[in-house]
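Please consider the sequence and the model shown below.

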Amino acid sequence: MTSTDKKKKVKVQCAKCSVEFRERACMKPGGGPSAGCPTVSAKNLLAKALREYQSPENREFARHASIQEGECYSGRERQPYVIHPVKPRILEICEFAQKMGYRRLGIIFCAGLANEAAMASDFYEEKGFQVASVMCKAGCVPKEEIGLSDHEKIFRGNHESMCNPIFQAMVANEEGVDFNVLLGLCVGHDSLFFKYAEAPSTVLAVKDRVTGHNPLAALYLSGSYYAWLKKPYHKESVFFRPISDSSAG
Ligand code: SF4
């Protein structure tokens with residue numbers, strides 16, 4: 001992004017759309033737009049995007065993803081329909097992969113979720129897939145390799161293997177996986193994995209170290225127990241002080 005781009009005002013803000021949800025331009029033909037609405041103002045881009053769906057690969061992928069989306073709800077024959085989801089994501093991934101004819105999955109996981117990775121691996125094997133799995137610390141490369149100093153490690157004074165998402169991607173590529181399933185990679189490590197993975201990727205769960213891997217919990221509670229997240233950063237706060245400092249103090 002150039003400095004001119006940064007000065008440009010953001011135009012598209014669907015998250016702040018002022019039109020009642022079911023009445024929006026993107027929700028029904030003839031619906032109303034909000035300021036900067038891409039449905040009405042980005043027609044050229046929309047046409048460009050639709051052309052991409054014409055490639056057989058994208059079309060099949062998108063078609064099965066949307067069929068799978070529908071199949072995650074039960075009782076759709078009843079009218080008026082009351083939404084009733086029935087499938088957890090672990091099953092949604094399995095059924096989508098089966099629809100796509102994938103045989104080999106890659107479980108790309110964080111060391112902090114090693115138990116969950118073992119369970120997920122068993123689950124997908126029982127469903128008939130071959131499963132390759134690669135943990136983030138694979139390679140045993142010290143964090144110093146990417147320029148970290150000792151005080152930037154979690155366990156100072158010790159060897160600490162760096163998370164190695166580029167290696168994880170390369171190993172998964174070499175294993176010839178059809179579909180990667182990410183499990184708990186750190187923010188940024190996941191981005192690098194996406195950048196280097198050759199097969200398409202999805203996410204089974206994202207890591208949240210303090211909410212049992214449910215990052216939205218902090219958002220849901222941001223008006224009460226997590227209100228402190230919105231407050232200015234206090235260097236002296238016990239929440240931000242390293243354990244060694246607080247025990248010393
Ligand atoms: S696409 Fe348009 S109508 Fe839909 S949420 Fe965005 S601004 Fe609102």
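Cys140 is found in the loop between β2 and α7; helices (H or I, at least four residues) and strands (E, at least two) are DSSP runs, numbered from the N terminus. The model is a predicted one, in which local features need pLDDT of at least 70 and side-chain atom pairs count only at pLDDT 80 or more, while totals for chains, interfaces and linings use all residues. Residue numbers start from 1 along each chain as its sequence is written.

The phi angle of Cys140 is near 50 degrees, a positive value in a residue other than glycine. Cys140 counts as exposed because it has 9 C-beta neighbours inside 10 Å. On this scale, a residue is buried if 20 or more other C-beta atoms lie within 10 Å of its own, exposed if 12 or fewer, and partly exposed in between, with C-beta atoms placed from the backbone. A positive phi, near 60 degrees, also occurs at His213, again a residue other than glycine. His213 lies in the loop between β4 and α9 (216–220), and with 18 C-beta neighbours inside 10 Å it counts as partly exposed.

The sheet comes next. Four strands form an open sheet in the order β2-β1-β3-β4, with parallel pairing; two strands pair if DSSP finds at least two bridges between them. Since β2 and β4 stand at the edges with a single partner strand each, one side of each is left without a neighbour in the sheet. From one strand to the next, the twist averages 25 degrees, where axes are lines fitted to C-alpha atoms, for helices over the stretch in contact, and angles run from 0 to 180 degrees between N-to-C directions. The parallel strands β1 and β2 are joined by six bridges, and Arg104 has Gln130 in β2 as its bridge partner. Helix α7 packs on the sheet, touching β1, β2 and β3, and its direction makes about 160 degrees with that of β2. Such contacts require C-beta atoms, placed from the backbone, within 7 Å.

The largest nonpolar core has 30 residues, and those with the most contacts inside it include Ile107 and Val181. A nonpolar core is a set of buried Ala, Val, Leu, Ile, Met, Phe, Trp, Tyr and Cys residues joined through C-beta atoms within 7 Å. Elements giving two or more residues to this core include β1 (104–109), β2 (130–135) and α7 (165–175). Leaving aside residues up to four places away in sequence, Ile107 touches Val131, Val181 and Leu183, among others.

Finally, the residues around the ligand include Cys14, Cys17, Cys26 and Cys37, a residue being near if its C-beta atom, placed from the backbone, lies within 6 Å.

Note on methods. Two residues are in contact if their C-beta atoms, placed from the backbone, lie within 7 Å.
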